[in-house]
Amino acid sequence: RFEPHGGKFFAPQLLTRFFSPRAALYGTLGINATNALATLVTFAGVDRVGRVALLLGSGAMMAVCHIVMSILAGLPPTESVGLGVLVIASLFVAAFAVGWGPVPWTLCAEIFPMRLRSRATSVTTAVNWLANTILGKAFPLLPLDLAFGLFAIVCLLGCSLAYLAQP
């Protein structure tokens, strides 16, 4: 479960390019509230809709959001661009929270046989946190348009993997 987004980690820093520090914090609060509410959708729909469908829909929407964010990152930092960033970041976080946020945790617990489950799940968790650490260190070093473009590619690769490898 690689989290291909720096926007959630760095929302206050991104939003201060467009808004006052106080407004950026309120924007971050809105993004995080979106995350919490969208996660509830997964609880209600994961067994009804299916894991692969959630991963594919979530990943596709995340990729689209990253492409739009890449375009927005190249524009002058006006308040109207900032509102666009806030809306797209919220849509991204909602898409992530519906699929690629919670579903891989379920999959990791389901795909391994009982005799290996605890060890294998601990490895998947360690890999997840390693990937998140790398993301957290790399995102601030990359130009925003490049970072979001790369993350869009990662989302599409994740969709391909979910479609081809997940039963």
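User: Hi! At what angle do helix 3 and helix 5 pack?

Analyst: They pack at an angle of about 145 degrees, and their axes are 10 Å apart. The axes are lines fitted to C-alpha atoms, for helices over the stretch in contact, with angles from 0 to 180 degrees between N-to-C directions. Helices here are DSSP runs of H or I with at least four residues, strands are E runs of at least two, and both are numbered from the N terminus. This is a predicted model, where local features need pLDDT of at least 70 and side-chain atom pairs count only at pLDDT 80 or more, while totals for chains, interfaces and linings use all residues. Residues are numbered from 1 along each chain as its sequence is written, and side-chain values use heavy atoms, with hydrogens and water left out.

User: Is Thr-42 buried or exposed?

Analyst: Buried, because its relative accessibility is 4%. The cut-offs are under 20% relative accessible area for buried, over 50% for exposed and in between for partly exposed, using a 1.4 Å probe and protein chains only.

User: What about Gly-57, where does it lie?

Analyst: Gly-57 is in helix 3. At 44% relative accessibility, Gly-57 counts as partly exposed. The C-alpha atoms of Gly-57 and Trp-100 are 9.5 Å apart, although 43 residues separate the two along the chain.

User: New topic! How many residues are in the largest nonpolar core?

Analyst: The largest nonpolar core has 39 residues, and the ones with the most contacts inside it are Met-62, Met-69, Val-85, Phe-139 and Phe-148. A nonpolar core is a set of buried Ala, Val, Leu, Ile, Met, Phe, Trp, Tyr and Cys residues joined through side-chain atoms within 4.5 Å. Two or more residues come from each of helix 1 (11–15), helix 2, helix 3 (51–73), helix 4 (79–98), helix 5 (103–110) and helix 7 (144–165).

User: Which helix gives the most to this core?

Analyst: That would be helix 4, with 10 residues.

User: How many aromatic pairs does a search of the whole structure find?

Analyst: It finds 4. Phe-92 and Phe-96 make a stacked pair, because their ring centres are 6.3 Å apart and their planes are at 15 degrees. Rings of Phe, Tyr and Trp (its six-membered ring) pair if their centres lie within 6.5 Å, and planes under 30 degrees apart are stacked, over 60 edge-to-face and the rest tilted. Phe-92 and Phe-96 are 4 residues apart in helix 4, which means about one helical turn separates them. Phe-92 is buried at 6% relative accessible area, and Phe-96 is buried at 3% relative accessibility. Another stacked pair is Phe-139 with Phe-151, at 5.8 Å centre to centre and 15 degrees between the planes.

User: Where do Phe-139 and Phe-151 lie?

Analyst: Phe-139 is in the loop between helix 6 (114–138) and helix 7, while Phe-151 is in helix 7, so this pair ties together parts 12 residues apart in sequence. Both Phe-139 and Phe-151 are buried. Together with Phe-148, they form one aromatic cluster.

User: What does Phe-148 touch, not counting residues up to four places away in sequence?

Analyst: Phe-148 touches Leu-14, His-66, Met-69, Ser-70 and Phe-139. Ser-70 lies in helix 3 and is buried, with a relative accessible area of 18%. Leaving aside neighbours within four places in sequence, Ser-70 contacts Asp-145 and Gly-149 as well as Phe-148.

User: Last one: where is the place of Thr-16?

Analyst: Thr-16 is in the loop between helix 1 and helix 2. With a relative accessible area of 39%, Thr-16 is partly exposed. Beyond neighbours within four places in sequence, Thr-16 is in contact with Pro-21 and Ala-24.

Note on methods
Contact means heavy atoms within 4.5 Å.
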